[in-house]
Amino acid sequence: MTGPNRTAWATVSADEERYRPLYARLLGLRFVNPGGVLCFLFFEGTIALAVLLALAELVTWWAVLVLPVVVAAMVKLNDMVAAVVIRSAALVPEQERDRFRRQMEPVVGRARVEWGAVTPVVVTTDPVRPRRRRDPLD
């Protein structure tokens, strides 16, 4: 592999790495940076959810072991996808980014309308008097 090494893409410095939650350090997350509460929900929350589902007999007791592993795998997969997106975005030249920004700007102007395609409508501010209908019995 001729590209930059993996640590060059890391978004968390080495000094901040020791203060990250254990969950994020064990998974080796580089681009997704969950806080303490989110890591608690990812691990202990999924265990509690699996226990509740098992107590309700909706799943087997194996879910208590499997659900946290599946959530950890999805978090790691999300981190890997974020790495690919960030690396591919870094490869786009600055001129392409500027061209894309210019294309996405809204354009305000006037549109030409051919008068043959538009039927004229008369709008007045005078009140309209109701017509009296003739009674068919007269």
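Q: Which residues form one aromatic cluster here?
A: First, a heads-up: this is a predicted model, where local features need pLDDT of at least 70, side-chain atom pairs count only at pLDDT 80 or more, and totals for chains, interfaces and linings use all residues. Residues are numbered from 1 along each chain as its sequence is written, and side-chain values use heavy atoms, with hydrogens and water left out. The aromatic cluster is made up of Y23, F42 and F43.

Q: How many aromatic pairs does the count come to?
A: Rings of Phe, Tyr and Trp (its six-membered ring) pair if their centres lie within 6.5 Å; planes under 30 degrees apart count as stacked, over 60 as edge-to-face and the rest as tilted. By this rule, the number of aromatic pairs is two.

Q: What kind of aromatic pair do Y23 and F42 form?
A: Their rings sit 6.0 Å centre to centre, with 35 degrees between the planes. The pair links distant parts of the chain, as Y23 is in helix α2 (residues 22–27) and F42 is in helix α3 (residues 36–55), 19 residues apart. The geometry of Y23 and F42 counts as tilted.

Q: Is Y23 buried or exposed?
A: Buried means under 20% relative accessible area, exposed over 50%, and partly exposed in between (1.4 Å probe, protein chains only). The relative accessible area of Y23 is 12%, so Y23 is buried.

Q: Why is the pair of Y23 and F43 called tilted?
A: Y23 lies in helix α2 and F43 in helix α3, so this pair ties together parts that are 20 residues apart in sequence. F43 itself is partly exposed, at 37% relative accessibility. The Y23 and F43 pair is tilted because the ring centres are 6.3 Å apart and the planes meet at 45 degrees.

Q: What does T46 contact, leaving aside its neighbours within four places in sequence?
A: T46 is in helix α3 and counts as buried, at 9% relative accessibility. Contact means heavy atoms within 4.5 Å. By that rule, and with those neighbours left out, T46 touches L41, L67, P68 and V71.

Q: What is the pattern of the protein chain along the sequence?
A: Helices (H or I, at least four residues) and strands (E, at least two) are DSSP runs, numbered from the N terminus. The chain has five helices and zero strands. Read along the sequence, the pattern is α-α-α-α-α.
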